[in-house]
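Thanks for coming. I will go through one structure today, element by element, and I will keep it brief.

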There are 2 protein chains.
Amino acid sequence: MSPKITTELLKQLRQVMKNPRYVQEPVQAYIVPSGDAHQSEYIAPCDCRRAFISGFDGSAGTAIVTEQHAAMWTDGRYFLQAAHQMDSNWTLMKMGLKDTPTQEDWLVSVLPEGSKVGVDPFIIPADQWKRMSKALRSAGHDLVPVKENLIDTIWTDCPQRPCKPLITLDLSYTGVSWRDKIVALRSKMSERKVMWFVVTALDEVAWLFNLRGFDVEYNPVFFAYAVIGMNTIRLFIDGDRMMDPAVREHLQLDSTLEPEFKIQVMPYGSILSELQAVGAGLSPKEKVWLSDKASYALTEAIPKAYRYLTPYTPICIAKAVKNAAETEGMRRAHIKDAVALCELFNWLEKEVPKGTVTEILAADKAEEFRSQQKDFVELSFATISSTGPNGAIIHYKPVPETNRTLSVNEIYLLDSGAQYKDGTTDVTRTMHFGTPSAYEKECFTYVLKGHIAVSAAIFPNGTKGHLLDSFARSALWDCGLDYLHGTGHGVGSFLNVHEGPCGISYKTFADEPLEAGMIVSDEPGYYEDGSFGIRIENVVLVIPAETKYNFKNRGSLTFEPLTLVPIQTKMIDVNLLTEKERNWVNEYHGKCREVVGAELERQGRHEALRWLLRETEPLARVQ
Amino acid sequence: MSPKITTELLKQLRQVMKNPRYVQEPVQAYIVPSGDAHQSEYIAPCDCRRAFISGFDGSAGTAIVTEQHAAMWTDGRYFLQAAHQMDSNWTLMKMGLKDTPTQEDWLVSVLPEGSKVGVDPFIIPADQWKRMSKALRSAGHDLVPVKENLIDTIWTDCPQRPCKPLITLDLSYTGVSWRDKIVALRSKMSERKVMWFVVTALDEVAWLFNLRGFDVEYNPVFFAYAVIGMNTIRLFIDGDRMMDPAVREHLQLDSTLEPEFKIQVMPYGSILSELQAVGAGLSPKEKVWLSDKASYALTEAIPKAYRYLTPYTPICIAKAVKNAAETEGMRRAHIKDAVALCELFNWLEKEVPKGTVTEILAADKAEEFRSQQKDFVELSFATISSTGPNGAIIHYKPVPETNRTLSVNEIYLLDSGAQYKDGTTDVTRTMHFGTPSAYEKECFTYVLKGHIAVSAAIFPNGTKGHLLDSFARSALWDCGLDYLHGTGHGVGSFLNVHEGPCGISYKTFADEPLEAGMIVSDEPGYYEDGSFGIRIENVVLVIPAETKYNFKNRGSLTFEPLTLVPIQTKMIDVNLLTEKERNWVNEYHGKCREVVGAELERQGRHEALRWLLRETEPLARVQ
């Protein structure tokens with residue numbers, strides 16, 4: 001990997017930072033955040049501005065360019081990568097290290113008195129703006145919104161913003177019509193006494209209208225905003241996608257509808273002026289509901305006294321609780337996904353000993369098997385296919401430079417998933433195609449114990465997921481082992497593979513309580529730097545539990561695994577399992593056999609079926 | 001309990017709210033918070049202003065009086081008590097219920113436009129002031145500081161502020177001299193580049209100077225502030241306590257000292273003017289460190305740009321990590337405390353069947369046995385002595401109206417502790433003096449399993465205590481049971497029985513990481529309303545653990561119980577324990593026998609020793 005040469009680009013950027021065509025007054029510093037205007041985790045190529053200016057293309061990082069300096073803030077996952085990808089024009093700011101200044105402190109230390117710091121108001125979330133603006137102001141500087149994105153002005157070969165056709169989802173997938181979702185949303189708005197709700201997150205727009213798109217890789221979303229009033233629906237979206245008869249029919253654009261369900265379609269770019277018009281026309285007590293992560297530009301469109309900001313929107317919360325149709329869809333998707341993985345692992349078992357299977361080939365093969373399944377759309381994230389020491393790099397993605405060949409001497413970790421029209425999958429299995437060492441088995445078994453501790457946990461209704469995180473670590477902790485990531489994240493239903501507002505992580509406190517119908521991942525791991533990585537991940541559904549005393553009618557919850565892929569028993573040291581844990585494994589494998597076995601049979605995949613049957617033999621009791 | 005008649009008092013208060021002798025402009029509302037000027041949990045009688053004006057004397061509550069209304073905000077623990085203690089002039093605002101307005105919202109709803117809301121700036125913490133002031137301002141009102149406390153102006157028989165003699169603690173108790181504590185504090189100040197540190201919490205002043213006092217019941221503290229500069233030490237304290245030769249000697253007030261260790265003693269009441277003088281004399285970049293819970297009055301004395309506020313002060317954090325002398329003192333204190341409780345339980349076992357022992361008598365008897373122990377000072381909190389249904393009231397304190405007689409048919413819960421010159425204790429045991437039911441044993445055993453799960457937990461160095469909270473609940477959760485309080489709190493060393501910055505509670509996220517030397521309680525419980533309460537509490541010391549892999553040299557921690565009082569085996573359903581748990585109980589009881597047995601022997605308490613030996617018989621393995 002050679003670094004991107006950025007000398008010329010930085011020179012150009014510094015010129016436009018002073019060019020009155022783009023800035024009202026010259027700015028002495030310009031901030032280039034990671035995100036897009038919707039604060040998406042995954043972004044389209046046209047939004048990869050920070051990667052363009054610096055060369056560093058990790059998922060998280062903020063660039064700041066001043067007249068003299070160029071600095072990049074990123075976290076521990078990316079120190080090495082950023083150092084490799086950036087040339088000597090750039091200073092790497094290692095977040096989380098004691099001596100690394102915050103962006104604000106650094107700016108204050110390098111800027112001349114009374115400086116202006118520019119940022120694209122559409123890219124920076126309102127809460128970040130507030131923090132940074134305050135810090136700069138107290139040091140005599142100003143954070144100023146620069147309407148035209150300065151990177152875009154110098155990015156001559158910037159890709160077009162994607163504008164791909166949409167697909168519509170009928171009730172058999174969504175369970176609830178978009179009309180009913182609007183009704184429910186308006187009822188939440190009434191409860192909170194707000195008159196308007198602004199939908200800014202892409203997955204929230206997609207969910208609300210039961211539409212999906214392909215504008216961003218892995219996330220079936222499309223660029224759009226929506227503004228929902230008590231009597232109006234405005235959808236801001238570009239292109240001729242609204243010409244598609246299926247979409248018109250789905251949204252009933254040409255039908256005679258009650259006015260409050262009539263969707264007004266408007267250009268994507270008109271959101272700001274429309275929202276400003278809404279803001280200008282508000283009477284006292286008419287509040288507008290926005291996510292506190294919405295962009296500064298849109299938040300500012302509403303006068304402060306009229307804003308109602310919350311960390312999680314009512315759509316985010318409603319979307320997290322899957323209904324029966326969505327749950328059934330997720331079950332179907334996971335069965336198909338399991339079929340693909342049985343095929344893959346059976347294939348790997350035969351091919352790996354030949355020494356011809358690389359990480360990339362294995363990832364491609366996984367995609368190939370998945371794509372054979374009904375309603376397959378695309379992958380749900382970049383496949384982590386890693387063997388030996390690469391497995392210890394938690395966010396590894398094989399590229400030609402690092403591509404390692406699978407062997408019978410190393411642990412192989414595959415973290416992968418797909419988007420099917422009926423659901424989203426995300427599964428990690430750790431396999432050994434030879435004979436694992438006692439130490440590898442020991443570590444694997446502790447991880448498995450942690451996985452089971454969460455999956456089988458029983459807890460009162462209303463418990464926040466972060467309270468379960470330690471259950472996943474207890475067995476590892478007992479032996480002085482740990483892993484430095486959270487245990488689980490919310491999973492969308494044919495939507496983003498990472499979604500809020502629930503999860504299982506010691507890092508979060510503000511997650512929403514778990515309730516029946518929510519879907520999260522359960523993925524403890526253990527990583528030995530330079531040697532191997534282990535992770536066992538199922539997607540699990542929150543379901544009511546049966547308990548003896550039922551928390552005085554508060555209700556009991558537990559998890560049901562949706563993922564039904566065998567956990568390699570060869571890796572388990574059965575002596576370390578309790579009887580309860582052994583029974584859990586056997587029951588889990590029994591269900592894999594029954595459910596996935598039937599589907600393999602139905603699809604005539606007899607070799608993979610034989611593999612499944614062999615891999616799901618019950619664990620014997622140890623004497 | 002009949003309510004306090006407050007008609008006349010409220011009339012008087014409303015008069016002074018308009019009296020130019022006390023207020024610059026009339027205030028339309030006056031807030032009476034719970035606390036004192038040091039934000040203490042336990043307060044002196046002269047600070048019980050909210051109880052004086054309303055009659056409600058629970059530990060938490062805020063009163064607000066307007067021209068027409070008088071309202072009291074308190075939480076679920078006190079709904080019943082507050083309703084009983086207040087007359088019809090008062091409206092009870094039940095915090096935590098959905099329809100209860102916040103104080104700010106309520107004020108906005110009842111006040112005429114442009115109102116002034118008064119509060120004593122010494123009693124309200126700066127962070128609360130900020131929140132309330134902002135909310136009121138945005139509704140067109142003003143929060144104003146009223147220098148003279150208006151309750152004090154009408155409280156004709158207000159008790160004097162206590163000003164009791166101090167006791168000095170030598171190195172054998174404290175391990176570190178006050179001089180060395182000042183040196184360590186100044187080094188922390190240098191690290192953070194602050195020039196001044198203001199000590200506002202009473203236990204922090206006491207700890208810093210190795211002094212103790214008796215101004216507040218149960219907490220061995222005294223009314224004082226301190227302001228530490230890089231070259232100066234100012235102690236603000238009243239009375240002739242500084243005339244005591246032992247105190248003068250201890251603080252070296254009459255010695256020739258390097259100027260930076262010379263303590264300037266100043267009147268308690270002069271803190272504000274002295275701090276204002278400090279604030280006025282600051283040069284740029286000279287910061288002043290304060291707790292963000294310090295009073296608004298003191299915080300305001302320092303211009304905003306010079307303030308350095310943190311949730312936990314360096315003293316709070318240093319105080320939490322006990323040194324060898326403190327740890328040994330805590331061990332000694334807990335052995336003596338165990339001797340007293342062995343005597344008590346032996347006595348109860350004989351007396352309860354006679355039907356003559358009430359909750360109050362049992363509590364008195366516990367105090368009597370404790371007071372026989374060396375270096376006993378006072379109790380560390382009001383004894384919770386509760387039998388049968390009273391045990392389900394978590395913060396119960398027996399009073400004549402509720403005083404119940406212990407019997408062989410009910411569970412008895414005793415949560416009690418003492419201050420010894422060498423340490424602070426806090427222990428809960430739940431006993432049955434007859435034959436417990438299978439259900440009572442079942443619940444007790446789940447609580448015990450939770451207690452053991454925390455006590456025996458192994459975790460990496462730097463883990464926050466709140467991450468261990470779920471371990472205490474897991475066994476209860478499995479059966480659909482739970483308890484609605486945290487699992488543990490920090491414990492001082494001959495200081496406050498509740499102290500920060502660490503603890504074990506799902507309610508807190510901002511606790512400081514656990515490290516070796518910290519001391520917390522481990523006290524899961526189960527409460528069946530109207531029937532019984534169960535709690536098992538030990539005070540435990542964080543110690544290094546031996547683990548196989550030691551977290552890649554990050555270090556492993558676990559707990560050592562300091563409390564050494566038998567856990568009633570009669571209450572345990574041994575069938576529900578794992579072998580590991582059974583071994584834990586047997587080892588714990590083995591240690592009680594060995595350590596407390598030796599002390600009982602030494603003190604010639606043979607009957608209590610026989611009781612101890614019988615109560616610590618090992619649990620037999622179940623077939």
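I start with helix α11 of chain A, residues 271–280, which lies across β8, β10, β11 and β12 of chain A and runs at about 155° to β11(A). Before going on, please keep in mind that this is a predicted model.

Which sheet do those strands belong to? It is an open sheet of six strands with mixed pairing, in the order β12-β11-β10-β8-β13-β14 of chain A. At its edges are β12, residues 263–266, and β14, residues 307–310, of chain A, each of which pairs on one side only. On average, neighbouring strands here are turned by 20° against each other, direction ignored. Helix α9 of chain A, residues 202–209, also packs on this sheet. That helix touches β8, β10, β11 and β12 of chain A, and its direction makes about 60° with that of β10(A).

Within the sheet, take the pair β8 and β13 of chain A. Residues 194–199 form β8 and residues 287–291 form β13, and the two strands pair in the parallel sense over three bridges. Trp196(A) stands opposite Val288(A) of β13(A).

Setting aside neighbours within four places in sequence, Pro311(A) is in contact with Ser291(A), Asp292(A) and Lys293(A).

Now the other sheet I want to show. This one is also open, with six strands and mixed pairing, in the order β4-β3-β2-β1-β5-β6 of chain A. Its edge strands are β4, residues 91–94, and β6, residues 142–145, of chain A, each pairing on one side only. From one strand to the next, the twist averages 25°. Inside it, β1 of chain A, residues 29–32, and β2 of chain A, residues 62–66, run antiparallel and are joined by four bridges. Tyr30(A) stands opposite Val65(A) in β2(A). Helix α4 of chain A, residues 103–110, packs on this sheet and touches β1, β2, β3, β4 and β5 of chain A; its direction makes about 10° with that of β2(A). Helix α5 of chain A, residues 126–138, lies across β1, β5 and β6 of chain A at about 140° to β6(A).

Next, helices packed on helices. Two packed helices are described by the angle between their axes and the distance between the axes. For α14 of chain A, residues 324–351, and α18 of chain A, residues 579–602, the angle is about 70° and the axes are 9 Å apart. The two helices are therefore roughly perpendicular to each other. In this contact, Ile335(A), Ala338(A), Val339(A) and Cys342(A) of α14(A) meet Val595(A), Val596(A), Glu599(A) and Leu600(A) of α18(A). By class, that is seven nonpolar residues, no polar ones and one charged.

Helix α18(A) has another partner, α19 of chain A, residues 606–615; their axes come within 10 Å and cross at roughly 175°. That makes α18(A) roughly antiparallel to α19(A). The residues that meet include His589(A), Cys592(A) and Arg593(A) from α18(A), and His606(A), Ala608(A) and Leu609(A) from α19(A). This contact divides into seven nonpolar, three polar and three charged residues.

On to the core. Which residues touch the most other members of the largest nonpolar core? Of its 154 residues, they are Leu348(A), Phe559(A), Leu348(B) and Phe559(B). Not counting residues up to four places away in sequence, Leu348(A) touches Pro353(A), Val357(A), Ala362(A), Leu406(A), Tyr412(A) and Phe433(A).

Last, some backbone exceptions. Most residues other than glycine have a negative phi, and most peptide bonds are trans. Gly500(A) and Pro501(A), however, are joined by a cis peptide bond, with omega about 0°. Pro501(A) is found in strand β23 of chain A, residues 499–504. In chain B, a cis bond likewise joins Gly500(B) and Pro501(B).

As for phi, Tyr218(B) has a positive value near 75°. Tyr218(B) is found in the loop between β9 and β10 of chain B, and at 13% relative accessibility it counts as buried. Asn550(B) has a positive phi of about 55°. Asn550(B) is found in the loop between β27 and β28 of chain B, and is partly exposed, with a relative accessible area of 26%.

How values were computed:
Residues numbered from 1 in each chain as written. Chains lettered and ligands numbered in written order. Predicted model: local features only at pLDDT ≥ 70, side-chain atom pairs only at ≥ 80, totals over all residues. Heavy atoms only, no water. Pairing = 2+ DSSP bridges. Axes fitted to C-alpha atoms, helices over the stretch in contact; angles between N-to-C directions. Contact = heavy atoms within 4.5 Å. Core = buried A, V, L, I, M, F, W, Y, C linked by side-chain atoms within 4.5 Å. Buried < 20%, exposed > 50% of the residue type's maximum accessible area, 1.4 Å probe, protein only. Parallel < 35°, antiparallel > 145°, perpendicular 65-115°, else oblique. Nonpolar A, V, L, I, M, F, W, Y, C, P; charged D, E, K, R; others polar.
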